[in-house]
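Here is a brisk report on one chain and how its parts pack. Look at the sequence and the fold first.

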Amino acid sequence: MSKPVLIKGIPLALGGVTYTLPPANLATLEANADQLDKVNVAFAGGSSFGLRDLLFVIDFASACLQRNYPNFDRSVVAEHVGLDNVIDVLQMCLDTSGLLRKKLEAETLEPTTSSTATEGGTLGELTGTASSLTS
């Protein structure tokens, strides 16, 4: 039996298992557009967001993982993504241009050489730095 072909993505370790996390598809972006817009405005410095505003990442990341693992259980994300990595996971899901994935692949191949991607843009990717969380 052959191994299923996975959509390219970024390795994400959750609960001792490493998954390939592909970027969000349009259906997932559409379903989470309001929450993504709110977080993106906060990252651009236009506002702040609270902890509760990040809870959508459970469903958002789970939907991305289900592209490669149709039976993936969202409780794995809820249990293993925390304040230490929630923004990283969100950015991984928004790696629409593949820049982050390509950077990680280049670092794996040549850890002492930095690589600059020459294609793609930042469509849908978060910009700026996160503001402080509020409760």
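## Helix 2

In this predicted model, helix 2 buries Leu36, Val39, Ala42 and Phe43. These residues sit on the same side of helix 2, because they cover an arc of only 125° around the axis. An α-helix has 3.6 residues a turn, so residues three or four places apart point the same way.

What do the buried residues of helix 2 pack against? Their partners are helix 1 (26-31), strand 3 (49-50), helix 3 and helix 5. Just after helix 2 comes glycine 45, with a positive phi of about 95°.

Helix 5 buries Val86, Val89, Leu90, Met92 and Cys93. The buried residues of helix 5 line one face, because they fall within an arc of 160° when seen down the axis.

Leucine 94 is in the loop between helix 5 and helix 6 (99-109). Is leucine 94 buried or exposed? Leucine 94 counts as buried, because its relative accessibility is 1% and the cut-off for buried is under 20%. In sequence, leucine 94 and cysteine 64 are 30 residues apart. In space, their C-alpha atoms are 9.6 Å apart.

## Helix 3

How much of helix 3 is covered? Most of it: eight of its 11 residues are buried. They are Phe56, Val57, Ile58, Phe60, Ala61, Ser62, Cys64 and Leu65. These buried residues pack against strand 1, strand 2, helix 1, helix 2, helix 4 and helix 5.

Take phenylalanine 60. Setting aside residues up to four places away in sequence, phenylalanine 60 touches Ala24, Thr28, Leu29, Asn32, Leu36, Leu90, Cys93 and Leu94. Among these partners of phenylalanine 60, Leu36 is one of the buried residues of helix 2. Two others, Leu90 and Cys93, are partners of phenylalanine 60 and buried residues of helix 5.

## The nonpolar core

The largest nonpolar core has 27 residues. Which residues have the most contacts inside it? They are Leu14, Phe60 and Leu90. Two or more core residues come from each of strand 1 (10-14), strand 2 (17-21), helix 2 (33-43), helix 3 and helix 5 (86-93). Helix 3 gives the most, with six residues. In soluble globular proteins, nonpolar side chains tend to be buried together.

Leucine 12 belongs to strand 1. Leucine 12 counts as buried because its relative accessible area is 6%. Beyond four places in sequence, leucine 12 touches Val17, Thr18, Tyr19, Leu21, Val89 and Met92. Of these partners, Val89 and Met92 are buried in helix 5. Leucine 12 and proline 22 are 10 residues apart in sequence, and their C-alpha atoms are 9.9 Å apart in space.

Valine 77 lies in helix 4. Valine 77 is buried, at a relative accessible area of 1%. Apart from neighbours within four places in sequence, valine 77 is in contact with Leu14, Val57, Ile58, Ala61, Ser62, Leu65 and Phe72. Several of these partners of valine 77 are buried in helix 3, including Val57, Ile58 and Ala61. Valine 77 and serine 62 are 15 residues apart along the chain, with 6.6 Å between their C-alpha atoms.

## The largest pocket

What volume does the largest pocket have? It is about 170 Å³. The lining consists of Leu51, Leu54, Leu55, Val57, Ile58, Val77, Ala78, Val81, Gly82, Leu83 and Val86. Helix 3 (56-66) and helix 4 (74-80) are the elements that give two or more residues to this lining.

By type, the lining divides into 10 nonpolar residues, one polar and no charged. Val57, Ile58 and Val77 are among the lining residues, and valine 77 is in contact with both Val57 and Ile58.

## The whole chain

Of the 135 residues in the chain, 33% are buried.

Note on methods
Residues numbered from 1 in each chain as written. Predicted model: local features only at pLDDT ≥ 70, side-chain atom pairs only at ≥ 80, totals over all residues. Heavy atoms only, no water. 1 Å grid on protein atoms, 1.4 Å probe; cavity = no way out; pocket = protein on both sides within 12 Å on 5 of 7 lines; lining within 4 Å. Points joined across faces, edges and corners; volume = space filled by probe spheres on them. Helix = DSSP H or I, 4+ residues; strand = E, 2+ residues; numbered from the N terminus. Nonpolar A, V, L, I, M, F, W, Y, C, P; charged D, E, K, R; others polar. Core = buried A, V, L, I, M, F, W, Y, C linked by side-chain atoms within 4.5 Å. Buried < 20%, exposed > 50% of the residue type's maximum accessible area, 1.4 Å probe, protein only. Contact = heavy atoms within 4.5 Å. Arc of directions from axis to C-beta.
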